[in-house]
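Dear colleague,

Please read the notes alongside the coordinates.

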Amino acid sequence: MLSDDTSQYQGPIEPGRPASSGGGGRGGDVLWALALAAVIGVLGLGLGLLWHALAPTLPLRIVEEGAVYTSPEPEQLAAAEGWFVLLGLGFGLLCAIAAWVLLPARRGPIQLAGLLLGTLVAGWAAWWLGHDIGLSAYQDQLKNAPVDTIVHRPVDLRAVKKLTFFPYAIGGALLIPALAAVVTYALAAAWSRFPSLRRHEDEQEWAEHDDDQFIAGAGPS
């Protein structure tokens, strides 16, 4: 026979919480963010190759004093900047989408920081490689080519300036990939219906909350 004594009742039983499947928690997020930054930084070299292939070089005429523009306002300067901006926007957009879709369990501010770091490095790497291809030959022509020879300067960005404390300043068009990536990621986060941005964690928490309510309702009235 069941006893009617409920004096020992301690309230609803709290169900056991399963261990988080986050794969290392915050430490795991940091490692994945660093890996993401490294991969994006390497992909920046591909962006540089594409920029070098599409953007026009700048023709210069050798004179006694050095090299001068072949036209008063060469359009190649703006074209090189424009191609880098367009390619950088697409690159940053694709990187943000890839990080959001392929690493849903790592979404959050740490992943965003890795994305930002990676696209900053990628922007610099793209400029460095795109500008460096053919640079040695161009510099050699400046020294040895006869007067009235037309030489072509490799693609370059006017926003890149040399500094004493760092090889080159990171600014201007170099920031376009990072800007596009951060804005795209922020929009994806704003439209997400999951508070933590991680679907599996929120669905697990909602399921546990429903279990808690069920067990609480099963207690004595």
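In the largest nonpolar core, which has 25 residues, those that touch the most other members are Ile40, Trp51, Phe84, Leu115, Trp127 and Leu157; such a core is a set of buried Ala, Val, Leu, Ile, Met, Phe, Trp, Tyr and Cys residues joined through side-chain atoms within 4.5 Å, where buried means under 20% relative accessible area with a 1.4 Å probe and protein chains only. Two or more residues each are given to this core by α1 (25-54), α2, α3 (109-132) and α5 (176-191), helices being DSSP runs of H or I with at least four residues, numbered from the N terminus. The largest share, eight residues, comes from α2.

This is a predicted model, in which local features need pLDDT of at least 70 and side-chain atom pairs count only at pLDDT 80 or more, while totals for chains, interfaces and linings use all residues. Residues are numbered from 1 along each chain as its sequence is written, and side-chain values use heavy atoms, with hydrogens and water left out.

Leaving aside residues up to four places away in sequence, Leu115 touches Leu36, Ile40, Cys95, Ala96, Ala181 and Tyr185 (contact means heavy atoms within 4.5 Å). There is also a second, separate core of eight residues, with Leu135, Tyr138, Ala145 and Val151 among them.

The structure holds one cavity of 30 Å³ or more, a cavity being a set of points on a 1 Å grid over the protein atoms alone where a 1.4 Å probe fits but cannot get out. Helix α2 (residues 75-102) gives the largest share of the lining of the largest cavity, three residues.

Best regards

Definitions and conventions: On a 1 Å grid over the protein atoms alone, a cavity is a set of points where a 1.4 Å probe fits but cannot get out, and a pocket is an open set with protein on both sides within 12 Å along at least five of seven lines; lining residues have an atom within 4 Å of a point. Grid points are joined across faces, edges and corners, and a volume is the space filled by probe spheres set on the points. Buried means under 20% relative accessible area, exposed over 50%, partly exposed in between (1.4 Å probe, protein chains only).
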